[in-house]
Amino acid sequence: MSKHDRAARDKEDRMSPELYRELAKDGWRLPQSEPEVKAAETWVAKSSDRLPERLDTTPGEVRPQEPGRLLDHYVRADRLDRSGGESKSMDDNRSNRDIERE
Amino acid sequence: MFLLARFIPGPSGGDGPPPCHASPYVEGPKTKIGEHMDLTAIDEAELLARMALQAHAREDARAAWAELYERHRRYVFVVASRSYGSFLGEDGTVDLVVDTFRRAYEWAGRQMLPDQVRAQFASENRDSTRRRVLAWLGAIAQRLFKDKYRDDAGEAAEFDAYLDDWRRVQAQPRDDNSPLGLEHLQTALASLSAAEADALRVSLPWYDLDTRSFAVPKGEATRLAALLGITPEALRQRRHRAIYRIEQHLGNAGYIAAGQEEPA
């Protein structure tokens, strides 16, 4: 892409901040300032959207750590290592020692 | 001035926050709304202050969180549905709402100091306090939506990003000085094709107020385009046409100086 093309493309992607802010008032993006929220509250109050049942109770307990995700990470890394030539079997349930015994 | 952060690990240790888009939480015992003490008389700043005490008074913190959720789940769901519902579907939108409140609870516990929260909102009236907290929840939801399409999808935004969001929301204009007419804007928006509207709507979280332009990284643009079943170039062209049409309409109405070149 030439410098001219890139400059033209950057210009194409421009939009005024006023327009950006106004779009939030109409719900095109999530309102993130006091005037935007004030405008949104008006149409939210008139909205007939049905609240899904899943929102009837408060969300469950927050868990501070993710042992499952960490464990998944190490299991994946271990499998990658083994597939790199160290394992003598394609069967994850059979160790190298099992194979050597045969 | 907007200080709430203490920049030290929370009571759960130094682990980073779990990514919200990858089912990072377990479902624990659920609390039926209405089972807590009466918190209806206190404002959102006090609810945040109590949520910040979760390491020392967990039940009170959870009760405050439940009250915040009860008051504003409908607002967050309706605005999230309107912004992203066509891309996420109802289930995806509900996930976004739930993760937004979870992230708010977690962030309050790690980054907020109760007295600072109270001091920050001390001079606000109750409506203003509520709207600023809702604006913050909107910023969290937008961050979570963007996380779904990040180049390093699977890794959540760093907690510092949420701190930036908090500061940015608090720094937004407090008064409505917009020169635009919402009625004209709605007319202009109604003139867009569905394809143009989708391209603009899905791109808005990547608008950069500093550069006044869209900054969608290549990988994210590819994923957003795939969401709409088009190419990244088609996404860019449709977004460009949408902005051009809106600015032309508002320009003709005398509200804005059109900044876009006519699309080829």
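This is a predicted model: local features need pLDDT of at least 70, side-chain atom pairs count only at pLDDT 80 or more; totals for chains, interfaces and linings use all residues.

Me: Why are H8(B) and H9(B) called roughly perpendicular to each other?

Reply: The axes of H8 (residues 218-228) and H9 (residues 232-252) of chain B cross at roughly 80° and come within 8 Å. Axes here are lines fitted to C-alpha atoms, for helices over the stretch in contact, with angles from 0 to 180 degrees between N-to-C directions. Helices are DSSP runs (H or I, at least four residues; strands are E, at least two), numbered from the N terminus. Therefore H8(B) and H9(B) are roughly perpendicular.

Me: What makes up the contact of H8(B) with H9(B)?

Reply: From H8(B), B:Ala221, B:Thr222, B:Leu224, B:Ala225 and B:Leu228 meet B:Pro232, B:Ala234 and B:Leu235 of H9(B). A contact means C-beta atoms, placed from the backbone, within 7 Å.

Me: Why is H1(B) described as largely enclosed?

Reply: Seven of the eight residues of H1 (residues 44-51) of chain B are buried, so H1(B) is largely enclosed by the rest of the structure. Buried means 20 or more other C-beta atoms within 10 Å of the residue's own (12 or fewer is exposed, in between partly exposed). Among the buried ones are B:Leu48 and B:Met51, and the buried residues of H1(B) pack against H2, H3 (114-120) and H4 of chain B.

Me: Which residues does B:Met51 contact, leaving aside neighbours within four places in sequence?

Reply: B:Ala61, B:Ala64, B:Trp65, B:Tyr105, B:Ala108 and B:Gly109. B:Met51 is also one of the residues with the most contacts inside the largest nonpolar core, which has 73 residues. Such a core is a set of buried Ala, Val, Leu, Ile, Met, Phe, Trp, Tyr and Cys residues joined through C-beta atoms within 7 Å. H2(B) gives the largest share, 23 residues.

Me: How do you know where this core lies relative to domain 1 and domain 2 of chain B?

Reply: Domain 1 (20-171) and domain 2 (182-252) both give residues to this core, so it lies between them. Those bounds come from an automatic or database domain assignment.

Technical notes: Residues are numbered from 1 along each chain as its sequence is written. Chains are lettered from A and ligands numbered from 1 in the order in which they are written. Angles under 35 degrees count as roughly parallel, over 145 as roughly antiparallel, 65 to 115 as roughly perpendicular and the rest as oblique. Two residues are in contact if their C-beta atoms, placed from the backbone, lie within 7 Å.
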